[in-house]
Amino acid sequence: MDLTPPTLTDVLAARRRIDGLVVRTPAMSYHALDRLVQEAGAGGSQVVVKHENLQRTGAFKIRGALNLIHQLSSDARLRGIVGYSTGNHAQALADAAREVGAPCTIVMPSAPNPIKERAVRALGARVVLHGESLDDARRLATATAHDRGARLVSAADEPELVAGVATATLELLEQAPDLDVLVVPVGGGSGAAAACLVTAALAPHVRVVGVQSAASPAAHDSWRAGELLGRRNGTRAEGLAVGRGFALTQGILRSHLAEFLLVDDDSISHAQRALLTTTRTVAEGAGAAALAGVLAHTEQFVGARVGVVCSGGNASEAELRRALTGPER
Ligand SMILES: *Cc1c(COP(=O)(O)O)cnc(C)c1O
C-alpha cells in the first residue's frame with residue numbers, strides 16, 4: 001500500500017483531472033449565521049460556509065473518487081472496485097465507477113441511512129449489507145476484493161482520494177483568501193488531511209481545526225496519542241462513524257493540524273438546525289459538525305474569519321426531524 005502523502009503538484013493534477021466533472025461549490029457568508037456565532041460567544045467572528053452539500057452526490061467525497069478512478073488502468077477498471085462505507089464514500093465510488101464503466105461493489109454496515117443506500121443502488125453498484133460497524137464491512141470488503149482481484153478502495157488510506165478531496169480547499173482559498181481558521185469535520189480524516197496539505201503549501205497562517213463526534217473519537221484520540229487507535233464508534237452522524245485511525249491521514253494531521261475538537265451528537269443536531277434556519281442549508285449530521293465545533297468552542301474563534309466546511313447534505317428524514325424537534329437553545 002502506497003501511503004506517501006500527496007503533494008501540491010498532485011492536488012493541481014487532480015484539479016485538472018476532475019475539472020468539469022465536479023461542482024465548484026459556493027462559499028457563502030450569512031448575516032444570521034454570523035450573529036448566531038457571535039451571540040454564542042465568538043464576538044467579532046465571521047463565518048464562510050463551503051457548500052460541499054451542493055456537490056455531485058451531495059458530499060465532497062466524489063472529488064477523491066473521480067481522481068482515483070481516472071488513474072486506474074483499463075485492466076484494473078475491468079476487474080472493478082470494492083469499497084466499504086456508511087454511505088457517502090459509497091455513493092462517490094459508485095458514481096465514479098459508473099462514469100468509467102467499472103463494476104463496483106459496496107459493503108455497508110446493516111441498517112444504513114436509507115437515502116444513501118438507495119442512492120448507491122441507483123448508481124448501479126452492487127450493495128452488500130454486512131455487520132454492525134464500518135470495521136465489519138471493511139473485513140468483508142477486503143475478502144471480496146481479494147477473491148475477485150478487484151481494487152479495494154480504503155476510506156482514507158488512499159493518496160489519490162486525499163489529493164482529489166484537497167481540490168475543495170484549493171477552491172475555498174480562492175473564494176475566501178482572508179481566512180484565519182478552517183474547520184473541517186473528521187471521520188477517516190481525508191478531508192482534514194487534504195485541508196492541511198493545501199493550507200500548509202499555500203496559506204500557512206490558516207489554522208486547520210478538526211471536529212469529530214465524542215461518540216466516535218478514534219481520529220481525535222489517535223491524533224492526541226500520536227499512534228493509531230481503535231475506539232468505540234457510536235455517533236449518529238454516519239460520515240463521522242469511524243472506529244479507528246488511518247495511517248496516511250493521521251501522519252498528515254500530526255504534522256499540520258492546529259487543534260482537534262470533540263462535540264456531542266446533540267450539538268451536531270443543533271448545528272443542523274442552525275444551518276437550516278440561518279442559511280436554508282440541508283446538512284447531514286457530519287455536514288454540520290464543523291459548525292457544531294465552532295458553537296461549542298466559541299472562545300477559540302473570537303474575532304476570526306472562520307471557514308466552515310459543510311461536507312455533505314445527505315440527511316435522512318429521521319435526522320432532519322430530530323434536528324428540528326430537538327430542544328431550542
Ligand atoms: C466522509 C464524510 C466526512 C468525514 O470525512 P473524512 O474524510 O472521512 O474524515 C464528513 N462529512 C461527510 C458528509 C462525509 O461524507
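1. Let's start with Ala195 and its surroundings. Apart from its neighbours within four places in sequence, Ala195 is in contact (heavy atoms within 4.5 Å) with Thr169, Leu182, Val184 and Val208. Ala195 lies in helix H9, residues 190–202; helices (H or I, at least four residues) and strands (E, at least two) are DSSP runs, numbered from the N terminus. With a relative accessible area of 1%, Ala195 is buried; buried means under 20% relative accessible area, exposed over 50% and partly exposed in between, using a 1.4 Å probe and protein chains only. Ile115, by contrast, is 80 residues from Ala195 in sequence and 28 Å from it in space, C-alpha to C-alpha.

2. A word on the model before going on. It is predicted, so local features need pLDDT of at least 70 and side-chain atom pairs count only at pLDDT 80 or more, while totals for chains, interfaces and linings use all residues. Residues are numbered from 1 along each chain as its sequence is written, and side-chain values use heavy atoms, with hydrogens and water left out.

3. Now to the sheet. Six strands make up an open sheet with mixed pairing, in the order S1-S2-S10-S7-S8-S9; two strands pair if DSSP finds at least two bridges between them. Strand S1 (27–28) and strand S9 (259–263) are at the edges with a single partner strand each, so one side of each has no neighbour in the sheet.

4. Which strands pair with S10 in the parallel sense? One is S2 (residues 46–51), which runs parallel to S10 and is joined to it by six bridges. Another is S7 (residues 181–185), parallel to S10 over three bridges. Val308 in S10 is a handy landmark here: Val49 stands opposite it, and Val183 also stands opposite Val308. Along S10, Val306 has Val181 opposite.

5. Are the residues of S10 buried or exposed? Strand S10 (residues 305–310) is mostly covered, with six of its six residues buried. Arg305, Gly307 and Val309 point one way from the strand, while Val306, Val308 and Cys310 point the other way.

6. Helix H13 (residues 285–296) is also worth a look. This helix is mostly covered, with 11 of its 12 residues buried. Among the buried residues of H13 are Gly285, Ala288, Leu291, Val294 and Leu295.

7. Next, a pair of helices. H1 (residues 8–18) and H3 (residues 62–69) pack at an angle of about 90°, and their axes are 9 Å apart; axes are lines fitted to C-alpha atoms, for helices over the stretch in contact, and angles run from 0 to 180 degrees between N-to-C directions. The two helices are therefore roughly perpendicular, a label for angles of 65 to 115 degrees, whereas those under 35 count as roughly parallel, those over 145 as roughly antiparallel and the rest as oblique. Ala14, Arg17 and Ile18 from H1 meet Arg63, Leu66 and Asn67 from H3. The residues of this contact divide into three nonpolar, one polar and two charged; Ala, Val, Leu, Ile, Met, Phe, Trp, Tyr, Cys and Pro count as nonpolar, Asp, Glu, Lys and Arg as charged, and the others, Gly among them, as polar.

8. How many salt bridges are there? The count comes to 21, taking a salt bridge as a side-chain nitrogen of Lys or Arg within 4 Å of a carboxyl oxygen of Asp or Glu. One of them joins Asp95 and Arg56 at 2.6 Å, N to O. This pair links distant parts of the chain, 39 residues apart: Asp95 is in helix H5 (residues 88–100) and Arg56 is in the loop between S2 and H3. Asp95 counts as buried, at 5% relative accessibility.

9. Another salt bridge brings together the side chains of Asp266 and Arg236, at 3.3 Å, N to O. Here too the link is between distant parts of the chain, 30 residues apart, with Asp266 in helix H12 (residues 265–279) and Arg236 in the loop between helix H10 (218–225) and helix H11 (247–256). Asp266 is partly exposed at 47% relative accessibility, and Arg236 is partly exposed at 34%.

10. Last, a salt bridge inside a helix. Glu317 and Arg321 form a salt bridge, with their closest N and O atoms 3.1 Å apart. Being four residues apart in helix H14 (residues 317–325), they are separated by about one helical turn. Glu317 is exposed, with a relative accessible area of 60%. Elsewhere, salt bridges that share partners join Lys50, Glu52, Arg63 and Glu171 into one network.
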